[in-house]
Protein chains: 2
Amino acid sequence: MNEIIFKNMCIIGVGLIGGSLARAAKLAGVVGKVTGTGRSQAHLEEALNLGVIDEFDLDFKIAIKSADLIVIATPVGAIQSVLEEIKDSIPENAIITDVGSTKGSVLEAAKNVFGELPSRFIPGHPIAGNEKSGVIASFIKLFNGRRVILTPQLHSDLKAVDKIKSLWMACGAEVVLTSVEHHDTILAATSHLPHALAFSLVNTLSRMDDKNDIFKFAAGGFDDFTRVASSNPQMWSDICIANKDSLIDVLDKFTDDLENLKNAIKSQDATELKKQFEHAKKVRDSVTRVFPIAY
Amino acid sequence: MNEIIFKNMCIIGVGLIGGSLARAAKLAGVVGKVTGTGRSQAHLEEALNLGVIDEFDLDFKIAIKSADLIVIATPVGAIQSVLEEIKDSIPENAIITDVGSTKGSVLEAAKNVFGELPSRFIPGHPIAGNEKSGVIASFIKLFNGRRVILTPQLHSDLKAVDKIKSLWMACGAEVVLTSVEHHDTILAATSHLPHALAFSLVNTLSRMDDKNDIFKFAAGGFDDFTRVASSNPQMWSDICIANKDSLIDVLDKFTDDLENLKNAIKSQDATELKKQFEHAKKVRDSVTRVFPIAY
């Protein structure tokens, strides 16, 4: 049996991630009461009815008043305004974390509000999720076997880091500590870029003359490729802006490579095409062997 | 119980598609003997040992000599040379079909070899497959619930069209007739472009400094997005060249759209980003409802 790590976890933004964390942490027995807060009364009532949270208050300040853990699980674009709203009401020894997909922007938001990242604010990012949104989509096993990246700073409270680490491990995740820059580069490449390409591909196809048949005949490759285009538009608009520099950098690299591929197709250069595809296959096959994830 | 449609089906190229067709058609009881042929004795022996074919001959001419159906299931780039090799040995009433992912190139290959598409050559394309290759990956249900596109011409033998249609339906597929141009446009958009993007994305990422961690932290979006980059390089090099014009056309449209997205990110235009993502989500969600395929 696990010991309680946090007596009162307050989740700001009880959606897919926040809701799944509440479910998993409760089941693991590492949190006591779970309080929810957010902008929408209807969403919070839904979370309460689903048993994901024990109580809620629409006023962030009241919701956090007895919390020993505050989890900010809103879209990343809202984190700074959330911090501004709660900054004078954070209980003295409370630990703060977030689940945002970009970490440079969170660091910046915290600096804008507090001057520097508070020592007990441990930024985090569970590499988990799917194209669905809302507390209705949340489930206990979302973090099972997934990695959670924490990006504490040099002055961070090590005890707080340990507690956040234990919380995620109790939810089935593997916890890794990296720098903010490393996190943002990696996520731009493996998550933000693929999402941007999927959104863009669906839009391109939806404007073609044959669009009805295009979606009717769409096969496996297309289906897999564009699943993430069903993801939350607000959340992804926030992410693209929050991780702008890393994303533009990898987008530029990608469009250069795509231009090379296009030229090889135009000039019918079978040798070059086969070389490019063989390289990709070799790399992709090795990834499958190392990391056979289910999602 | 189905009736035999073809007494002797000869498959040229017994891989994932050819092998799965042999398995499904045998189980459905619509073919008698299945003869295999191809370039590799080892692959044909494997197909024989798996029970996918009843016999084989490495000499195409001998393999087809008593066939009433010849299925060309090689990569599309090899179809013209296959036709050249067999053209003087095709039994008088035999029907020919193929399973190539591009149809304009097959029409052209047939014209180059025969002057025009023979009336009993009914080009076809099962919209099925996965990132695996070879007869070892073949399975009975590959075509179950999938669409097969046939592209007969005005002078095509209607009885031959009907027989090919019945063969695929017996294998669980839905058969649709379209023009060659329509087929090639649709497939460029929904299959060839996504494959090209997946190959290109894996190559871009494999050249980044953080590449070890990039593949270590790859999450769901990336995994789904790049699965098809494990596909057969020779086959996809052939397809890109065979469907060059349609593919370049949709690639150009896509890179224009991606450039717009990049500019919206650069200028932090949240309204434009959200608009683009909302449009994509709306379209993608509607596709899921219409066409919830499994692969």
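Let me start with Gln268(A), which lies in the loop between α11 and α12 of chain A. Helices and strands here are DSSP runs numbered from the N terminus, helices being H or I with at least four residues and strands E with at least two. What you see is a predicted model, where local features need pLDDT of at least 70, side-chain atom pairs count only at pLDDT 80 or more, and totals for chains, interfaces and linings use all residues. Residues are numbered from 1 along each chain as its sequence is written, chains are lettered from A and ligands numbered from 1 in the order in which they are written, and side-chain values use heavy atoms, with hydrogens and water left out.

In chain B, Gln268(B) is found in the loop between α11 (244-266) and α12. Gln268(B) also has a positive phi of about 50° without being a glycine, and it counts as partly exposed at 44% relative accessibility.

Helix α11 of chain A covers residues 244-266, which is 23 residues, and at 1.5 Å a residue it should span 33 Å. The expected span is 1.5 Å times one less than the number of residues. The end C-alpha atoms are 32 Å apart, which agrees.

Next, the sheet in chain B. Which order do its strands take? The sheet is open, has six strands with parallel pairing, and runs β3-β2-β1-β4-β5-β6; two strands pair if DSSP finds at least two bridges between them. At the edges stand β3 (55-56) and β6 (121-122) of chain B, each with a single partner strand, so one side of each has no neighbour in the sheet. Strand β1 (residues 6-12) of chain B is joined to the parallel β2 (residues 31-37) of chain B by six bridges, and within that pairing Asn8(B) has Lys33(B) as its bridge partner. Helix α6 (residues 158-170) of chain B lies across β1, β2, β4, β5 and β6 of that chain, at about 50° to β5(B). For that angle, axes are lines fitted to C-alpha atoms, for helices over the stretch in contact, and angles run from 0 to 180 degrees between N-to-C directions.

In chain A, β1 (residues 6-12) and β2(A) run parallel and are joined by six bridges, with Cys10(A) opposite Thr35(A). Five of the seven residues of β2 (residues 31-37) of chain A are buried, so the strand is largely enclosed by the rest of the structure.

The largest nonpolar core has 129 residues, and Leu205(A) and Leu205(B) have the most contacts inside it. Such a core is a set of buried Ala, Val, Leu, Ile, Met, Phe, Trp, Tyr and Cys residues joined through side-chain atoms within 4.5 Å. Beyond its neighbours within four places in sequence, Leu205(A) is in contact (heavy atoms within 4.5 Å) with residues including Phe215(A), Phe222(A), Leu193(B) and Val250(B).

Ile149(B), in strand β8 (residues 147-150) of chain B, has a relative accessible area of 1% and is buried. Not counting residues up to four places away in sequence, Ile149(B) touches, among others, Phe217(A), Pro123(B), Val176(B) and Leu187(B). Ala110(B), in helix α5 (residues 104-114) of chain B, is buried at 0%.

Last, the aromatic rings. How many aromatic pairs does the structure hold over all chains? There are five, a pair being Phe, Tyr or Trp rings (the six-membered one for Trp) with centres within 6.5 Å; planes under 30 degrees apart count as stacked, over 60 as edge-to-face and the rest as tilted. Phe199(A) and Phe277(B) have ring centres 4.1 Å apart and planes at 20°, so they are stacked. Phe199(A) lies in helix α7 (residues 180-206) of chain A and Phe277(B) in helix α12 (residues 270-290) of chain B, so this pair joins two chains. Both residues, Phe199(A) and Phe277(B), are buried. Phe277(A) and Phe199(B) form a stacked pair with 4.1 Å between centres and 20° between planes. That pair also crosses between chains, from α12 of chain A to α7 of chain B. Phe277(A) is buried at 1% relative accessibility, and Phe199(B) is buried at 1%.

Definitions and conventions. Buried means under 20% relative accessible area, exposed over 50%, partly exposed in between (1.4 Å probe, protein chains only).
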